[in-house]
Amino acid sequence: MTTQFAPPPPTIAACSDGTQLPVRRVFCIGRNYAAHAREMGKDPDREPPFFFTKWAETVVSSGTTIPYPTETNNFHYEAELVIAVGRGGRSVSTDHALDYVFGYAAGLDMTRRDLQFEARDKGRPWDTGKNVEYSSPLGLIHPASKVGHLERGRIALTVNGELRQDADLAEMIWDVPEIIAYVSRFYRLEPGDLIYSGTPAGVGAVEIGDVVEVSIDGLSSCVITIGPVARD
Ligand code: MN
């Protein structure tokens, strides 16, 4: 049997030990820092977490110049701790959740904020706001066997060297075990899944030419440059 066209290549993420991790799916937790929930106009009560998904192909490595997307005038950065899943499992308990972590990385959940808000306010899906081409930049994945599990530590973001986000991972409303337990109630986690764990306060817009850098204590930074709008 002849196939009609070549299958797309898998998305590959780089690890700090020189190995590669094939990306399976991308889950993103929303409003996981109280100060950010407030800046989005929401009450940061400890209501159950929520998440949305993105295509694996939105993941790009640190150092990439990503095109400014079409159909937006308000493209935002969101610095996030990314959890790389290393083991499959369904309905994982918080007690065992860390066994499912392969490692951690610094990442970005780039967002067409104008489209996200329009969808949110009309009760529509978030796809065009969140599941944006090139919108999930990712630094090197550091195996938990090397760096341990991240419960606290500074998470910061600069644009052209100016500090815009500055918080501590301990401020997350839902911690890493709780996030894994929650997502695995709805989907069987699989090796290669990435979970972006939410962003602190201070989100804002980027312009073409900006250099955005996410730093998390103990991890490699994630740096991107915003390039011109893609034409082809
Ligand atoms: Mn986010």
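Predicted model: local features only at pLDDT ≥ 70, side-chain atom pairs only at ≥ 80, totals over all residues.
Which residues are buried in α5? I looked at this helix first. I number residues from 1 along each chain as its sequence is written, and side-chain values use heavy atoms, without hydrogens and water.

**Helix α5.** I found Val176, Pro177, Ile179, Ile180, Ala181, Tyr182, Val183 and Ser184 buried. Buried means under 20% relative accessible area (1.4 Å probe, protein chains only). Helices are DSSP runs of H or I, at least four residues, and strands are runs of E, at least two, numbered from the N terminus. Eight of the 11 residues of α5 (176-186) are buried, so the helix is largely enclosed by the rest of the structure. I checked what they pack against: β3 (26-30), β4 (50-54), β8 (79-85), β9 (101-108) and β15 (194-196). Contact here means heavy atoms within 4.5 Å. At the start of α5, I saw a side-chain oxygen of Asp175 within 3.0 Å of the backbone nitrogen of Glu178.

**Manganese site.** I listed the residues coordinating the ion: Glu78 (OE), Glu80 (OE) and Asp109 (OD), at 2.0 to 2.1 Å. Donors are N, O and S atoms within 2.8 Å of the metal (3.2 Å for Na, K and Ca); water is not among the atoms, so the site may look incomplete. The donor spacing in sequence reads E-x1-E-x28-D. Glu78 and Glu80 are both buried.

**Strand β18.** I traced β18 (222-227) to β6 (65-67), a parallel pairing with three bridges. Strands pair if DSSP finds at least two bridges between them. Ile66 stands opposite Ile226. With β17 (211-216), β18 pairs antiparallel over four bridges.

Conventions:
Buried < 20%, exposed > 50% of the residue type's maximum accessible area, 1.4 Å probe, protein only. Polar contact = N/O pair within 3.5 Å; in protein donor to acceptor, adjacent residues only side chain to side chain.
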